Amino acid sequence: MTTDQENKGQDLSELNDNVARIEELSQRLANIMAHRKTVRPSLQAPGQEFYVKTAGSVWADMMANPSKMIEHQVSFWGKTLEHAIEAQAALAAGDFKAPEDPGPKDRRFSNPLWDTHPYYNYVKQQYQIASQTMEDALKDVEGLDDEGTKRMKFFTQQIMDMMSPTNFLATNPDAMERAVETKGQSLVQGLENLVADLEANDGELLVKLVDESAFEVGKNIATTPGQVVFRNRMMELIQYAPSTEKVHETPLIIFPPWINKFYILDLKEQNSLIKWIVDQGYTLFVVSWVNPDASYADVGMGDYIEDGYLAAMREVKAITKQKKVNVVGYCIAGTTLSLTLSLMKKHGDKSVNSATFFTTLTDFSDQGEVGVFLDDDFVDGIEEEVTENGYLDSFFMSRTFSFLRPRDLIYGPAINSYMLGKTPPAFDLLYWNGDSTNLPAKMAVEYLRGLCQNNSFATDGFDLLGERLSIKDVDIPLCAVACETDHIAAWKASYDGIRKMGSKDKTFIVSQSGHIAGIVNPPSKKKYGHYTNEDWPESSDDWMAGATFNEGSWWGRWGAWLAKRSGKQIDAREVGDSSHKPLAPAPGTYVVAKPNV
């Protein structure tokens with residue numbers, strides 16, 4: 001048999017294998033779609049009222065200003081026609097090349113063929129012209145309030161991102177090149193990846209972002225030594241083993257958000273804030289929240305405060321024999337920490353010496369980018385969902401946050417996985433991002449209605465545990481760290497809330513980067529700097545205008561601030577005591593347990 005015959009035989013064998021594999025995957029795909037989980041429409045898209053109001057405003061604006069509509073339309077026709085003529089002229093000249101491309105640079109179109117190949121360049125430029133026309137046409141629509149305008153622009157951008165030619169096989173040169181290189185194997189592997197993701201989420205599409213097999217919590221991430229020294233229904237309390245001979249007298253407790261898991265602060269040794277704090281000579285405790293199921297339906301914000309915050313403070317004071325503790329709250333845990341501090345003020349409890357807030361919102365008058373999902377159409381749907389099931393499934397939170405960055409968290413990964421047939425990367429941050437948690441029914445509604453929508457805590461008071469809690473009650477020394485490009489807790493909104501607190505000793509820091517990278521920013525990386533300003537002008541813009549930019553991480557600055565409020569140096573403490581025997585090694589059992597859902 002000749003070499004050519006052998007190659008043809010091998011190609012035919014591979015083709016037959018791929019055809020058989022496609023048939024099997026198609027059957028699995030049909031099966032999962034036939035048994036697809038039903039998701040209520042109110043959790044899938046804005047309500048009908050939003051579309052009617054938006055369409056009505058756009059139509060009324062067109063009727064009131066027909067010249068503006070004609071101007072946009074003529075501009076669009078002119079640009080598309082001009083580009084079509086240029087493309088034809090380039091081909092007529094006999095050179096197989098694209099016309100000059102004045103379009104904006106976009107990393108989605110990084111393949112050189114988008115600029116050099118006539119077909120791909122034509123598709124790209126037409127898409128960019130259409131997208132820019134849509135953006136210009138909606139820019140000046142009248143008849144909508146600020147919130148309505150923001151939602152209209154957000155969901156229009158979602159449609160434009162979805163329709164990008166990079167998202168379709170026939171108009172993606174990367175996918176076509178790889179299919180040729182692999183003799184179609186990439187498409188078979190891509191279909192396998194798609195089916196696996198659908199099966200993992202009951203027919204709903206949530207793109208896997210990471211190779212989950214590369215990580216194991218407690219083995220190669222979340223490895224700082226410590227022990228669980230207390231456990232109740234809501235949380236495990238971890239005490240970390242000292243790494244210095246001397247420690248500060250006042251212990252420190254970190255309350256992480258329960259929307260995700262605490263080990264974002266302990267991914268690996270090089271970027272672990274937990275390890276860094278221990279190495280600075282602190283007796284550190286961290287709360288690891290339970291991942292709730294339907295049995296937690298009646299758990300509300302008050303339960304998190306009583307069985308989480310207050311319980312942790314009580315146990316830490318008992319273990320360390322101290323009357324006061326320092327505390328940290330991150331994101332929603334910072335919001336709830338502020339509620340706890342207000343409650344403690346009402347009760348005359350002076351157990352907290354100082355508080356630090358990471359990317360925390362306490363004034364929700366500006367809800368930031370996530371505010372597009374906080375109108376009644378979505379919140380009504382969430383309330384119906386949790387009333388029926390007893391909890392909000394982590395799937396919905398993951399999907400919501402993904403749509404805030406769809407190019408990076410949806411379409412880019414989908415192209416790599418489904419079109420290019422690639423295995424997701426082994427990236428610890430993305431592994432953590434996918435390891436999300438459920439929310440109890442009562443807590444989810446209290447948070448969304450009372451805090452996010454009504455903004456009660458920052459205005460007329462938030463009723464909880466028999467008290468009316470107010471932002472002005474938070475009057476202990478505090479430090480707040482916000483992040484410049486945070487799409488979940490905008491730094492300006494964070495500033496507004498901290499400014500309203502009653503403390504006369506407060507520090508505000510703005511770190512470069514976003515909600516995670518701005519906080520997990522070790523000094524050794526020398527990557528992101530931070531802004532400081534000792535003044536508290538009414539306007540956050542004025543604060544930034546008068547701020548000083550500082551190179552490097554904020555960790556050292558905060559560490560110096562905390563050291564001044566942490567008492568004298570004493571001999572390092574042993575983990576636990578006679579009444580708090582170690583229950584499990586860090587990172588504990590709650591962080592890896594799967595809820596019964």
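**Stop 1: helix 7**

Start with the buried residues of helix 7, which pack against helix 4 (113-116), helix 5 (118-139), helix 8 (185-200) and helix 14 (406-419). Contact here means heavy atoms within 4.5 Å. Helices are DSSP runs of H or I with at least four residues, strands are E runs of at least two, and both are numbered from the N terminus.

A word on the model before moving on. It is predicted: local features need pLDDT of at least 70, side-chain atom pairs count only at pLDDT 80 or more, and totals for chains, interfaces and linings use all residues. Residues are numbered from 1 along each chain as its sequence is written, and side-chain values use heavy atoms, leaving out hydrogens and water.

Now select residues 173-181, which make up helix 7; Pro173, Ala175 and Ala179 are its buried residues. Buried means under 20% relative accessible area, exposed over 50%, partly exposed in between (1.4 Å probe, protein chains only). The arc is taken from the directions from the helix axis to the C-beta atoms.

Check both ends. Asn172 caps the N-terminal end of helix 7, with a side-chain oxygen 2.9 Å from the backbone nitrogen of Asp174. Just after the helix, Lys183 takes a positive phi of about 55°.

**Stop 2: aromatic pairs**

Show the rings next. The whole structure holds 30 aromatic pairs. Rings of Phe, Tyr and Trp (its six-membered ring) pair if their centres lie within 6.5 Å; planes under 30 degrees apart count as stacked, over 60 as edge-to-face and the rest as tilted.

Select Phe215 and Tyr431. This pair is tilted, at 5.4 Å centre to centre with 45° between the planes. Phe215 lies in the loop between helix 8 and strand 1 (226-231) and Tyr431 in helix 15 (residues 428-434), so the pair ties together parts 216 residues apart in sequence. Phe215 is buried, with a relative accessible area of 15%. Tyr431 is buried too, with a relative accessible area of 15%.

Jump to Phe358 and Trp554. Their pair is edge-to-face: 5.3 Å centre to centre, 65° between the planes. Phe358 is in strand 7 (residues 352-358), and Trp554 is in the loop between strand 15 (548-550) and helix 19 (555-563), 196 residues apart. Phe358 is buried at 0% relative accessible area, and Trp554 is buried at 0% as well.

Trp276, Tyr330, Phe358, Trp554, Trp555 and Trp558 form one aromatic cluster.

**Stop 3: helix 19**

Which residues of helix 19 are buried? They are Trp555, Trp558, Gly559, Trp561 and Leu562. Seen down the axis of helix 19, they fall within an arc of 160°, so they line one face of the helix. Their packing partners include helix 9 (273-279), strand 7 and strand 12 (478-483).

**Stop 4**

An open sheet of 11 strands runs in the order 15-14-13-12-7-6-4-5-2-1-17, with mixed pairing. Two strands pair if DSSP finds at least two bridges between them. Strand 15 and strand 17 (584-585) stand at the edges, each with a single partner strand, so one side of each is left without a neighbour in the sheet.

Strand 14 (residues 530-532) and strand 15 pair in the antiparallel sense over three bridges. Select His530: Asn550 in strand 15 stands opposite.

Key: Polar contact = N/O pair within 3.5 Å; in protein donor to acceptor, adjacent residues only side chain to side chain.
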